[in-house]
Amino acid sequence: MLLKRALLLLLLLFGLNVAQGQQLLPYVENFTKSEYNGDNQVWNVAQGTDKAMYFANNHYFLRYDGVKWEKYAMPNKTIIRSIFIWGNKIYCGSYKEFGYWERLNGVMRYTCLSSEKLFTGFAGNEEIWKIFRNGNRLFFQSFNALYVYEQGRIERLNFPSQISYCYVINNQVYAATTRNGIYRLMGNKFVHVKEWALVNGSVVHGMDQYDNNTFIFTKNKGVYVANATGIASWDNALNNVLKEEVILSEQFIGKNLLAIGTSRSGLYLVNLDDGSYKNINRQNSLRNNAVLSIATDREGDLWLGLDNGIAHVEINAPLQLFTDNSGLLGSVYSLSTFSGGYLLVTNHGVFTYSDQNIAPVPNTQGQVWDIYKNGNSFIMGHNDGTYVFSNGMVTKVSPVNGGWKFLKSRYDSVYFQANYSGIAVYNNINDLSKYKILDNIQKPIRNIAQNHPGELWAADNYRSLYRITYDDNFNVKQVENVSANNHIKSDFNVKICSFRDQVLFFIAGSWYTYNAVSTKLEKNQLFNKEFGFISDIIPIDDNNFLVFKNNLLYLVNQNGDSFSWRLIPDKYYQGRLIIENIQVYNQGNKIYINLDDGFLCLNRDLPKEPAPTVTVEGFYEGKLINHDIRIKYGSALELSIITSRFGFLKPNLVYSLDDGKTYSPVVAGKVLLNNLSSGDYSLILYTENGRIHTKVGEYNFSVSKAWYYSWYMVVVYIMFTGAVLFLYYRWNTLKYMQKVRLNEEELRHRTQIMELEYQAEMKLKEQQYEKHRLEMEVQSKASEVAGKSLSIAKHSEMIESIQEALETEKDTPKLVSKIKKIIKTNSISKNEWQSFEKNLIKSHEEFVERLTTKYPLLTPKDIKLCIYLKMNLSSKEIAPLMNISFRGVELHRYRLRKKLGISTEESLTRFMITV
């Protein structure tokens, strides 16, 4: 138990320690060596006239244009310590060598300026650590000598003792020795500066001019300021801190900012007007704390060469970020400012941020959704109830939990609160313990708005838009599901936006307003034209709002019926926004946007967007495309879209290959085109700001025809066609000769065939004769059967007549008995009937076989009826043959039709003949 308590205490102390010292800082973009594919240390940074950034990266010379990294090495593979830009040349210094790089045909080419003779004697192991310019002379500095390059000639000047670095102050060159102080170059000699004896024995890592003062930055003894009156330690609170650090680099920026790079604490940004400073280090932004070099670009932002990597610090961007790297804060759902700093409500509770420290407010653990500023107090919607923060203390004032939005009514002198169980009404904002829940709407309500007295609009947490009307006592008169009544089926995630006394609703990708006269929703033409199919819209004030569209944030200003869009680049918040819970807090000319692990502070006075300069570099098979490069059919082409901007004003570009009919985004400054067909292409580049596309550049290129359309393939086609025609001729000749041989062979066999045909014909005649004989025999038997059938039928008719007479004659019973005996004596015997049926079946064997095969369910009686029908006998003739009545025959015919599937319109006799 004691061990567990001790562990919890250590974790708490660690979390509190990490939470200390966190600041609102500029955006920092880090580049690791795996991204630029180079070494660890970056000794020097500079921006070229082509606006690309260049880096001395140990064994490599790096170039970065905002799209791709290029890596080069010295011919002797030595370490590059320094670079300097002069015109279109990038001078660099290395081990026993210095020269310059130029960009030719899309690649950097190196030219050496030094010779072996320069590095003789004690300079045998010299490295060029710094390059600088003074007038028309270029200086290459090692620790022991200075090499002066002028008009193609190089002169070596030896230092009085080993130095750290040289500096140019007021067009004069100063050399800071490691032991004997600072020297000034007078002609070709170095003269000791006795007035600055205070820094003797100190290693100087920086000298610069600011406000008529010379600042001297020592490695371990802080910063000194020298002027006409003398030299003294820099009067700034940070100087005591720097004395405990190791200063490695420095840079004055603009009129009032100083950047100091250290080896253990990263970068210090000092405001020279008020003495305040910010520290950017590994705990909050950087990947490494050792800042070896500092440079500014044309946008006024910083580039840091680190001991392991490169950092781009956007100090000139109109925004700053607060990031909680400790994990203590959690996701920020809303925030506000107060006299002591910032009040943050998160999924971990309520926190205050002041004096660079984050502090949790006691007894507020849990999800907090909303914060509403009421004078000097703050009302917060907590998962466990409604809380008020005032004078550094938090009090639970209401059991209404899950307050998503707190709204002041402009008509009813009350306050509404959307929460987990519906909508609460407060009459007195200073006494929130007294409230009323609106009846008939007891479900989670996420958003509410009002633009008429006695009416309230509410959006469900999941779907539906409701219009709630109430009386003076806030008794609900009606709850109307407006989206359902307007037959909007996909009414999920309804957005409500109050803007300029108007309430708008975003439902199923369209904007609506409510027409109180027709009691129907009507599409708002202005908003649908400008903001169709956005993800979210957050009002800031009566003229401005924030729009979230395609994962991008835009600051939008409305002027009449027109809107101006300004993109907030996604690199500042990518992956950090809380979708569906984006909140904006407006204070003066700044807006605050909540993030997953902190917040973003944006200055609404955004810098003017200059017309972007876009350069397109196309590379094919690793070479820059020019007039000599031929792009093959079906190839892939990679285009680098270079804007020469790295910071906030870097434009958001799209491109089109079909003259603006469709647009595709330029991702990470690259466009990859695959499987190109032959023809001329025109890739047009546009800036995209909301829904407006402005053309900013064009790149034309051509793709060669497919190989099978080339001139040599035409020759191949002609030769192939000739070969085919020749082969066709030879084939026809061979075919003719083969035909002649086949005709001769045919003549030889024709006689044999005729003989065989004659024999076959004779056999056929014999078979036909035999068939004819058998048919005659069958006909004879059939005639016999028919004769017998007729005899039997006649006999049967006689018997039937006698029977009828006997039945009618009732006077003489003896006569009846005698006649019946005669009928019995003369009736057909069983053997005769069997013989008749046998002959009948035999004479129709083939017919019976076909019939039974096709209709296997037929009974023998059915088959006899089918034979009689085939013989074209009537029902009256068939009745005595089957020993049934005429009615029985008709009934049997009806059943037979059903079994055979024959309709009443079709003749049974004709059907039997066709079977």
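Reader: How are α9 and α10 oriented to each other?
Author: In this predicted model, helices α9 and α10 are oblique to each other. Their axes cross at roughly 125° and come within 11 Å.

Reader: Is the crossing of α9 and α10 left-handed or right-handed?
Author: The crossing of α9 past α10 is right-handed.

Reader: Which residues make the contact?
Author: On the α9 side they are F847, V848, L851 and T852, and α10 contributes I863, C866, I867 and K870. Sorted by class, this contact has six nonpolar residues, one polar residue and one charged residue.

Reader: Changing topic, is strand β40 enclosed or open?
Author: Strand β40, residues 415-419, is largely enclosed by the rest of the structure, because five of its five residues are buried.

Reader: Which residues lie on each side of it?
Author: Y415, Q417 and N419 are on one side of β40, with F416 and A418 on the other, and both faces are covered.

Reader: Which strands are joined to β40, then?
Author: Strand β39 (residues 405-408) is joined to β40 by four bridges and runs antiparallel to it. Strand β41 (residues 422-426) is also antiparallel to β40, with five bridges between the two.

Reader: What does Q417 stand opposite?
Author: Q417 stands opposite F406 in β39 and opposite A424 in β41.

Reader: How many residues lie between the strands of each hairpin?
Author: The hairpin of β39 and β40 has six, and S413 there takes a positive phi near 55°. The hairpin of β40 and β41 has two.

Note on methods. Residues numbered from 1 in each chain as written. Predicted model: local features only at pLDDT ≥ 70, side-chain atom pairs only at ≥ 80, totals over all residues. Heavy atoms only, no water. Axes fitted to C-alpha atoms, helices over the stretch in contact; angles between N-to-C directions. Parallel < 35°, antiparallel > 145°, perpendicular 65-115°, else oblique. Left-handed = near helix turned anticlockwise from the far one by under 90°. Contact = heavy atoms within 4.5 Å. Nonpolar A, V, L, I, M, F, W, Y, C, P; charged D, E, K, R; others polar. Buried < 20%, exposed > 50% of the residue type's maximum accessible area, 1.4 Å probe, protein only. Pairing = 2+ DSSP bridges.
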